[in-house]
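Subject: Structure handover

Hello,

Please find the structure below. My notes on it come after.

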Amino acid sequence: MNKEIKILAISGSLRQNSSNTSLMKAVIGLAPANMEFTIYGGLGDLPHFNPDMDIDEGPVPVRELRALLEETDGVLICTPEYGNGVPGVLKNALDWLVSTTAFMNKPTAVISASPTPMGGDKAHASLLLTLKMINADIVEGGTLIIPHITLKLNKEGIITDSQLKQELITALQSLEQACY
């Protein structure tokens, strides 16, 4: 099973030094060679969702996101929690996808990480609800809530916690299997 698998990786943070973006890149580094990742960097370019603008294909940045999703076999999302919820830019991106089938049955792994003891659990739960509503295929074994991320990922973006590393490898394996 060495089929080339295309994965769209999305960080829910716009912060330059985001621990979730660093974590996403570390996860990509753990992936098997047959998984090819495209990191989506356009969250900040998407206009605020407006149903009046969601006609035909929508604005250019929205069309680009939809096209990327259509071309991929699966999705990896790593997100922080802001104010007990999903970061606004990530929710905005998902709102632009509600009227499409871009996420329909798309195998999706979801990781939330936070320096807090709760690990972004509220954002995680909310994100899963939204993804299920747009018919994403949430991969069994492909979801993680990671508390105290700053103690498990160093400033260079290297995972320093062996248990977390194994959990991430398992999540990647689950995503890989779901993409076949």
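The notes cover an aspartate, a cavity and the cysteines.

This is a predicted model, in which local features need pLDDT of at least 70 and side-chain atom pairs count only at pLDDT 80 or more, while totals for chains, interfaces and linings use all residues. Residues are numbered from 1 along each chain as its sequence is written, and side-chain values use heavy atoms, with hydrogens and water left out.

Asp54 sits in the loop between β2 (35-40) and α2 (60-71); helices (H or I, at least four residues) and strands (E, at least two) are DSSP runs, numbered from the N terminus. Asp54 counts as buried because its relative accessibility is 16% (buried means under 20% relative accessible area, with a 1.4 Å probe and protein chains only). Leaving aside neighbours within four places in sequence, Asp54 is in contact (heavy atoms within 4.5 Å) with Phe49, Arg66, Trp96 and Ser99.

The lining of the largest cavity has 9 nonpolar residues, with no polar and no charged ones (Ala, Val, Leu, Ile, Met, Phe, Trp, Tyr, Cys and Pro count as nonpolar, Asp, Glu, Lys and Arg as charged, the others, Gly among them, as polar). Helix α3 (residues 88-95) gives the largest share of that lining, 3 residues.

There are 0 disulfides in the structure (a disulfide is a pair of cysteine sulfur atoms within 2.5 Å). The sulfur of Cys78 is 15 Å from the closest cysteine sulfur, in Cys179, and therefore too far for a bond. Cys78 is buried, at 0% relative accessibility, and Cys179 is buried with a relative accessible area of 8%.

Regards

Notes
Buried means under 20% relative accessible area, exposed over 50%, partly exposed in between (1.4 Å probe, protein chains only).
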